[in-house]
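This report covers selected local features of one model, arranged by topic. The sequence and structure come before the details.

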Amino acid sequence: MNGDGRPDIIVGARAADPSDLPGAGTATVFSGLDGSILQKLAGDSAGDAFGVSVAGIGDVDGDGFDDVAVGASFDDTTTVATDNVGSVRVFSGADGDQLFRILGPQAGAALGTVAPAGDWNADGVPDLVVGAPLADVTVGITTIFNAGQAGVYSGADGSLIHMFDGTLANQQFGVSVDGGADIDGDGRGDIVAGAPFTSVVLTGAGRVQVFSNKTRALLFTVEGTEALGNLGANVAMAGDVNGDGLQDLIAGSAGDTAGSGTARVYLGPDGTPGMVIKGSSPSDHLGLAVDGAGDVDRDGFGDLVVGATQVPGGSGYALVVSGRTEEILYGVINGQAVGDQFGNAVAGIGDVNGDGWADIVVSAHQHDTAGNNAGRTYVFDVLVHQTNVGFGESGPHLDVYGTPLATGGSADLLLAGAVPGKPAALVVSPFLGPLPFKGGILAPSLGSALIFHLATSAGGSVTLPSIPGGGGSFNLYAQFLVHDLVTDPLGWAFSNCVQLTFLP
């Protein structure tokens with residue numbers, strides 16, 4: 001949004017009261033670099049629920065800055081003269097000006113769920129997919145009430161490119177949408193829409209459908225497997241979780257197993273069932289929020305992030321799950337306080353801190369620190385950081401982080417804050433033997449050490465990427481000495497020492 005090369009984050013607060021308008025709602029864009037506010041957007045009338053859905057949609061106006069879309073499901077508009085028609089407004093990333101507005105088709109349609117769609121009309125501009133889950137659909141002389149719709153709209157001007165309709169009464173098709181990933185392998189980004197209240201064989205089992213960009217045809221449908229499971233209340237493109245070159249998708253069934261919840265992966269190109277992520281206890285409601293996390297462990301497979309709000313009685317949690325092994329990566333990420341509903345929204349957001357590893361964002365919309373149910377959103381560096389043993393001076397700092405150093409895992413070693421363009425020695429030993437040495441403390445035992453002769457970059461750093469794990473269990477201790485006549489009269493500056501724990 002601000003052109004600094006880091007992904008930024010948009011967060012909705014649909015119940016906020018901007019300008020003394022109760023429930024008008026807001027959406028705030030935060031810098032991925034430092035969390036500062038870049039833009040504050042607001043609903044324009046009471047009860048709009050502006051911010052109920054938010055999305056980064058790419059650069060739709062061609063000015064070099066990415067733009068955003070914000071849904072307001074209960075927007076009333078005098079243009080159509082209807083209540084709760086709903087709207088999606090698209091805003092410039094450069095200055096926050098409104099570029100265009102998409103309105104729902106009828107009173108009570110509640111249009112407002114929004115996501116990127118890829119380029120559907122081949123004009124070189126990214127488009128967006130918008131859901132109106134309470135829209136009525138007319139087929140001949142028959143009206144199907146609350147069937148729902150999901151439309152693809154032009155990113156250039158907001159005009160409708162193609163509309164997909166629900167087919168059953170009260171199924172609320174379009175309550176969740178996503179797009180832009182190539183599910184069927186034709187080189188064009190497709191869309192997915194959820195209809196969580198679909199009842200075919202089982203009441204409220206839910207349904208998810210995927211549609212082709214190229215042909216506009218239905219690619220496949222997956223049905224929920226449990227009554228009141230509500231498959232499709234949240235859907236997302238998942239990345240390539242099985243390494244076959246095709247994009248996959250993830251859908252939540254928060255009502256499965258008496259509310260324990262599941263998140264289910266379906267594989268491109270035909271929706272073959274993949275992994276199932278399960279809640280650990282009743283009322284976890286795992287799967288209420290799902291997303292692709294990117295390749296957070298850099299093993300070449302797409303990974304997943306899933307939220308579980310634990311309503312009632314819990315704080316909520318989020319899981320990052322490996323697409324390759326189906327294991328939980330980095331441990332459970334827990335909410336801070338009972339009732340927070342941490343995990344009600346999750347997203348993979350790319351690399352916001354510039355360390356080369358993908359990060360995630362998790363919201364807790366009932367968090368109370370700034371006021372009752374004011375809400376809070378957290379950005380996580382989900383990496384495992386190896387243990388800092390200490391002994392460092394001010395200046396050079398050594399960090400080793402990545403996946404657990406087990407078989408298939410890897411980590412990066414990064415020295416930062418050193419004098420640029422100077423000789424640097426990396427000392428590695430299986431033993432600690434803290435020893436005063438050239439004005440500092442050499443922590444690894446020198447008698448059993450390996451010494452690697454390197455040099456700092458023009459930015460005063462040294463990076464050794466992708467150290468492979470496995471072969472354990474054992475520890476190694478690593479520390480840098482950097483030639484430095486500026487700050488140390490003895491000519492050397494010492495980093496901290498880091499313990500690397502290698503696992504089987």
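## Cis peptide bonds

Ser-473 lies in the loop that separates strand 37 (462-468) from strand 38. The model is a predicted one, and in it the peptide bond leading from Gly-472 to Ser-473 is cis, with omega near 15°.

A cis peptide bond also links Val-311 with Pro-312, where omega is about -10°. Pro-312 belongs to the loop between strand 23 (303-308) and strand 24 (317-321).

## Pairing around strand 38

Strand 38 covers residues 474-483 and is joined by six bridges to strand 33 (residues 423-429), the two running antiparallel. Within this pairing, Ala-424 has Val-482 of strand 38 as its bridge partner.

Strand 38 also pairs with strand 39 (residues 492-502), in the antiparallel sense and over nine bridges. Here Asn-475 is placed opposite Thr-501 of strand 39.

Strand 31 spans residues 397-402, and five of its six residues are buried, so the strand is largely enclosed by the rest of the structure. For this count, a residue is buried when its relative accessible area is under 20%.

Two strands pair with strand 31. Strand 29 (residues 384-385) runs antiparallel to strand 31 and is joined to it by two bridges, with His-385 opposite Tyr-401. Strand 32 (residues 410-416) is likewise antiparallel to strand 31, over six bridges, and there Tyr-401 stands opposite Asp-412.

Asn-84 is not a glycine, yet its phi is positive, near 55°. This residue sits in the loop between strand 5 (67-72) and strand 6. Asn-84 counts as partly exposed because its relative accessibility is 31%.

Glu-326 is another non-glycine residue with positive phi, at about 65°. The loop that holds Glu-326 runs between strand 24 and strand 25 (328-334). With 48% relative accessibility, Glu-326 is classed as partly exposed.

## A negative surface patch

Which residues form the negative surface patch? The patch consists of Asp-61, Asp-63, Asp-95 and Asp-97.

One of these residues, Asp-95, is located in the loop between strand 6 (87-91) and strand 7 (98-103). Asp-95 has a relative accessibility of 48%, so it counts as partly exposed.

How values were computed: Residues are numbered from 1 along each chain as its sequence is written. This is a predicted model: local features need pLDDT of at least 70, side-chain atom pairs count only at pLDDT 80 or more; totals for chains, interfaces and linings use all residues. Side-chain values use heavy atoms; hydrogens and water are left out. Patches are made of residues with over 30% relative accessible area and no salt bridge: like charges are joined within 9 Å, nonpolar side chains (Val, Leu, Ile, Met, Phe, Trp, Tyr) within 5 Å. Accessible areas come from the Shrake-Rupley method with a 1.4 Å probe; for residues, only the protein chains shown count as cover. A salt bridge is a side-chain nitrogen of Lys or Arg within 4 Å of a carboxyl oxygen of Asp or Glu. Lys and Arg count as positive and Asp and Glu as negative; His and the chain ends are not counted. The place of a charge is taken as NZ of Lys, CZ of Arg, CG of Asp or CD of Glu. Helices (H or I, at least four residues) and strands (E, at least two) are DSSP runs, numbered from the N terminus. Buried means under 20% relative accessible area, exposed over 50%, partly exposed in between (1.4 Å probe, protein chains only). Two strands pair if DSSP finds at least two bridges between them.
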